[in-house]
Amino acid sequence: METKPDLNIDRSVGDFHYDVDYEFDAGIGLSEKTIDYICDVKKDPDWIREFRKEALRKFNSMPMPTNWASHDLDNIVFENIRYYLSQGTQPKRSWDDVPEDVKRTFERLGIPEQERKFLAGVEAQFDSEAAYSNIKAAVGEQGVIFVGSTEGLHKHPEIFKKWFGKVIPTGDNKFSALNSAVFSGGSFIYIPPGVKVKHPLQAYFRINAENFGQFERTLIIADEGSEVMYMEGCTAPKFETSTLHSAVVELVALKGAKIQYITVQNWSANVFNLVTKRGLAHEEAEIKWIDCNIGSRLTMKYPGVIMKGRKARGEVISIALAGDGQHQDTGAKMVHAADETTSNIVSKSISLGSGRSTYRGLVQIGRHLKGCKNNTECDALLINTESRTDTYPAITVRGKENACQHEASVSKISAEQIFYMQQRGISKAAAMSLAVNGFVNDLVQQFPMEYSVELKRLIDLEMEGSVG
Amino acid sequence: MSLKIENLHANIGDREILKGLNLEMPKGEVHAIMGKNGSGKSTLAKVMAGHPDYEVSAGQVLLDGLNLFEMEEPDQRARTGLFVAFQYPMEVPGVTIANFIRAALQARLPEGEELDAVDYYHHLYEKMDLLKIDRKFTSRAVNEGFSGGEKKRCEILQMAMLNPVYAVLDETDSGLDIDALRIVSEGVNAMRSPERGLLVITHYQRLLDYIVPDVVHVMVDGRIVMSGDKTLAHKLEAEGYDWVEKELLQKA
Ligand SMILES: Nc1ncnc2c1ncn2[C@@H]1O[C@H](COP(=O)(O)OP(=O)(O)OP(=O)(O)O)[C@@H](O)[C@H]1O
Ligand SMILES: [Mg+2]
């Protein structure tokens, strides 16, 4: 019999970890003291300190959403988590200045190389703070701001304060409240009117420490007629204990602006990934979320677009892969709040082994509105019989002059089909990769090349891991 | 050099289907297996290929001396040179024929070596033209929505591309129209070679008019009970299987 090496060790590119000396550590557990510590380190203004404390109160008062979501949430022990770890709050502008122990992590993940090849700017976050942040000179000269949330808050308070927490209110859900209390890192981006950023801006979120929670906060404002593509990647090593990742991402597309937000996350199987993402699209603006969720123990993420202005467009394209023992609870939220707004949701989920995928969709179209359209398509692929998939679409369309279209499908790859592929000489892992890649192919075509290659590679790794 | 099946016993659940099957096919020959519905012909093909539902309780299959059952995974057996054209080919949604065959060829290359895409398509189109398969099929998902005959042609296309050392063709003729039968048979004949053995499972003499076998075997209840030259197939066609069973009883 063919023996395979222990695939747990290097099945995932992100599964490695270096010891790092942290200068700032808020310790274990969450209280007002934790928040004061974070505020002191970050030199937060008073209004942020207040904002955080208010958020903590909300977080403490809100119940876990286990009345509808997975009971696995109850296994998060908030008292055991470290909420802030950093080597300092100032990101470096050059990789040469990034401390060696952190730099080698990002080098191993290939970030500096990608930056040279095809990115307009990069922010690399290591645990709580960005270790590196830079944009190409040409892009900076156009007035584009791409910095960490702390720097955005300090240097561009007028824009920051205007939009921060406006798309996703603190109390939107328990985890947005948690993020609002302890947020650190994430990107602040402003694109001036009419500026079309040619190459993508990228952020990479890396969790290195054990028992840690990462709470980045991203705010992107695309001013009138501007365009930007933002990509985020994430990894963490595989620890025995659970890790929490709970981000809040707010997008604002002003009149006629376009934002494309692409996520390729590859969390290890111990990560609770509970993320709130929403965009506000003004008149004729367009917000598109492309979301690839691979890995994690439990992901809950429902990117949304509020179409606030006439003819605004919202789109969510998502791919979720639930490997053995994982649960991908994903979906989309489309709120039509103006006439002639259109939204499109395409969700593809793959469940493997004992993996589980859930799709939750919410489409709202107000009664008084005219000419709104939504198209929802959700397809599930089940590989082998243990897998399960659930679909919970909630569509509220009021008013006669709007149209909603909903399609769903479930396909299965049985042991018999895998056998058939194997009979042609294709290994089991490669057979499953072929099936999965075939299933997501039409969506992957929409990605920039580098990302579709990366996604394909991640799928291959995941399949190898599942057969090992 | 041969495909040698020795005392093969295989069961599904607690039902034994192959009950001590023996057969030897020297490389370079074409053998046919005929037998009633349910006698175990397809089971033989699937057991050799390593289908997970079947358990082998005794016996062995040697491919040029290599014991197939020492190879756990079906893909290892395939790469060793075994090909099965299935009676009921599976549909593989989302995977195009072009990608599927390409992956199968890629799997045969040493690690780090990439299949040349231009050569590949050149080769693929050549075989498709030979089998008169529309080139548009390359972008269709494997067997998905194919007619019965199209599936069979697609199996032969795969065989032609993968160049196996031994191939089992399980009722490749069923479902083919008259023209297709001739075209597919020509495709199979083109693959006859001193370097290859073909085991053709069929119910009908008609196919054997095109693909003339060196030996015809008769299978009854999980065993090969009679073997002869191509005239045996004519006799079966004319008289059915009753006389085989009678003859067996007399011998017993
Ligand atoms: N998965 C299965 N579960 C139960 N019985 C099975 C299974 N597969 C095969 N059998 C039984 O094994 C016997 C042999 O089946 P097999 O398909 O090998 O026959 P065959 O000779 O190929 O028949 P045909 O000429 O109709 O194709 C049949 O009685 C069949 O019902
Ligand atoms: Mg059969």
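Here, "buried" means that a residue has under 20% relative accessible area. Keep that in mind for the views below, which all come from a predicted model.

**View 1. Helix α1 of chain B is mostly covered.** Look along α1(B) and you'll find that eight of its nine residues are buried. Among them are Lys41(B), Ser42(B), Thr43(B) and Leu44(B). Ala45(B), Val47(B), Met48(B) and Ala49(B) are on the buried list too.

**View 2. A magnesium ion is held by Ser42(B) and Gln87(B).** Which atoms coordinate the magnesium ion (ligand 2)? They are OG of Ser42(B) and OE1 of Gln87(B), at 2.0 Å. Ser42(B) belongs to helix α1 (residues 41-49), while Gln87(B) sits in the loop between β6 (82-85) and β7 (92-96), so the pair links parts of chain B that lie 45 residues apart in sequence. Ser42(B) has 17% relative accessibility, so it counts as buried. Gln87(B) is buried as well, because its value is 15%.

**View 3. Helices α5 and α6 of chain B pack together.** Here α5(B) (residues 148-162) meets α6(B) (residues 178-190) at an angle of about 15°, and the axes are 10 Å apart. That angle is why the two helices count as roughly parallel. The crossing of α5(B) past α6(B) is left-handed. On the α5(B) side, the contact uses Arg153(B), Ile156(B) and Met159(B); on the α6(B) side, it uses Ala180(B), Val184(B) and Val188(B). Sort these contact residues by type and you get five nonpolar, one charged and no polar.

**View 4. Lys42(A) is a buried lysine in helix α2 of chain A.** The helix spans residues 32-42. With 3% relative accessibility, Lys42(A) counts as buried. What does Lys42(A) touch, leaving aside neighbours within four places in sequence? Its contacts include Arg52(A), Tyr84(A), Glu129(A), His154(A) and Phe183(A).

**View 5. Asp127(A) and Asn7(B) both have a positive phi.** Most residues other than glycine have a negative phi, so these views are worth a second look. For Asp127(A), phi is near 55°. You'll spot Asp127(A) in the loop between β3 (121-126) and β4 (129-135) of chain A. For Asn7(B), phi is near 45°, and this residue is found in strand β1 (residues 2-12) of chain B. Are they buried or exposed? Asp127(A) is buried, at 0% relative accessible area, whereas Asn7(B) is partly exposed, at 39%.

Conventions: Residues numbered from 1 in each chain as written. Chains lettered and ligands numbered in written order. Predicted model: local features only at pLDDT ≥ 70, side-chain atom pairs only at ≥ 80, totals over all residues. Heavy atoms only, no water. Axes fitted to C-alpha atoms, helices over the stretch in contact; angles between N-to-C directions. Helix = DSSP H or I, 4+ residues; strand = E, 2+ residues; numbered from the N terminus. Parallel < 35°, antiparallel > 145°, perpendicular 65-115°, else oblique. Left-handed = near helix turned anticlockwise from the far one by under 90°. Contact = heavy atoms within 4.5 Å. Nonpolar A, V, L, I, M, F, W, Y, C, P; charged D, E, K, R; others polar. Donors = N, O, S within 2.8 Å, 3.2 Å for Na, K, Ca; no water. Buried < 20%, exposed > 50% of the residue type's maximum accessible area, 1.4 Å probe, protein only.
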